[in-house]
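Let's walk through a few spots in this protein together. Have a look at the picture, then follow the questions.

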Amino acid sequence: ARLLSSAHEDQSRSNLSFWLNSIEMHASDAPIVIIGTHFDECPDNKEEAITQVDDILQELLPETIQRNITTYKGISFFPVDNQRLEGTDVTVFDTIRSSIVERANQLDSVKRNDVPMRWLLYLDSIRERTDVPPTIDLSDLLEDLEKYSIVGKEAEEMLQFFHKMGTMLHWDDNQTLKNTVVLTPQWLIDAAARIVHNREYHEGYFDQTLLSKKKWNALYAEMHTKGIVDIELLENVLW
């Protein structure tokens with residue numbers, strides 16, 4: 001509805017463009033399901049509203065991810081009424097659920113696996129904590145795993161599985177990183193995104209006022225033009 005509102009159209013287009021371009025940059029091969037909420041607030045001519053929103057999506061969708069869009073009755077999104085079921089095609093909800101499951105099951109990283117309950121219990125214990133550090137020494141993690149009877153080869157298998165799923169990260173084949181486990185992958189993603197990003201859409205990752213200093217602005221420009229990242233830029237601006 002906001003995409004069709006004259007008062008919010010520009011901002012809504014900008015927000016949508018930001019997220020679509022973020023997907024293109026960080027997950028260009030991922031399946032995409034777009035849900036258009038607040039369908040009840042659209043103009044009286046619902047069919048026309050659907051066509052207008054679909055046209056906007058086609059305009060904003062980067063070409064490289066268009067093939068990943070899950071379609072619904074020939075359009076690129078699922079229109080959903082947030083207020084009531086009356087007058088709504090309730091089959092849309094079943095279609096959304098089945099589409100997500102179907103697309104997810106096609107991913108190699110989400111193939112069905114029998115996961116030991118103690119692995120999940122340990123994972124839950126981390127997620128329930130509010131003081132979880134982004135990283136932990138491998139030795140400390142192995143000590144924690146002993147409380148769940150996860151030891152030896154099984155501990156290695158758990159780390160490999162969770163790494164593959166993106167739940168936690170451990171590079172056992174890298175001499176520099178093998179003794180560190182990333183417990184919160186989003187922390188690493190955020191840090192990387194401050195370096196690898198599209199300047200047009202992603203410069204809100206850090207305080208832009210810092211670039212008013214000639215030195216930082218020059219180093220930031222060098223990062224984008226030459227692919228060279230100065231350690232001072234990382235420590236004082238980006239991180």
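Q: Is K73 buried or exposed?
A: A quick note before we start: this is a predicted model, where local features need pLDDT of at least 70, side-chain atom pairs count only at pLDDT 80 or more, and totals for chains, interfaces and linings use all residues. Residues are numbered from 1 along each chain as its sequence is written, and side-chain values use heavy atoms, leaving out hydrogens and water. Buried means under 20% relative accessible area, exposed over 50%, and partly exposed in between (1.4 Å probe, protein chains only). K73 has a relative accessible area of 66%, so K73 is exposed.

Q: What is the phi of K73?
A: Most residues other than glycine have a negative phi. K73 isn't a glycine, yet its phi is positive, at about 55°.

Q: Where does S149 lie?
A: S149 is another residue other than glycine with a positive phi, near 60°. With a relative accessible area of 52%, S149 is exposed. Helices (H or I, at least four residues) and strands (E, at least two) are DSSP runs, numbered from the N terminus. S149 sits in the loop between helix 5 (138-146) and helix 6 (152-165).

Q: At what angle do helix 8 and helix 9 pack?
A: Axes are lines fitted to C-alpha atoms, for helices over the stretch in contact (heavy atoms within 4.5 Å), and angles run from 0 to 180 degrees between N-to-C directions. Helix 8 (residues 214-226) and helix 9 (residues 231-238) have their axes 10 Å apart. Their packing angle is about 115°.
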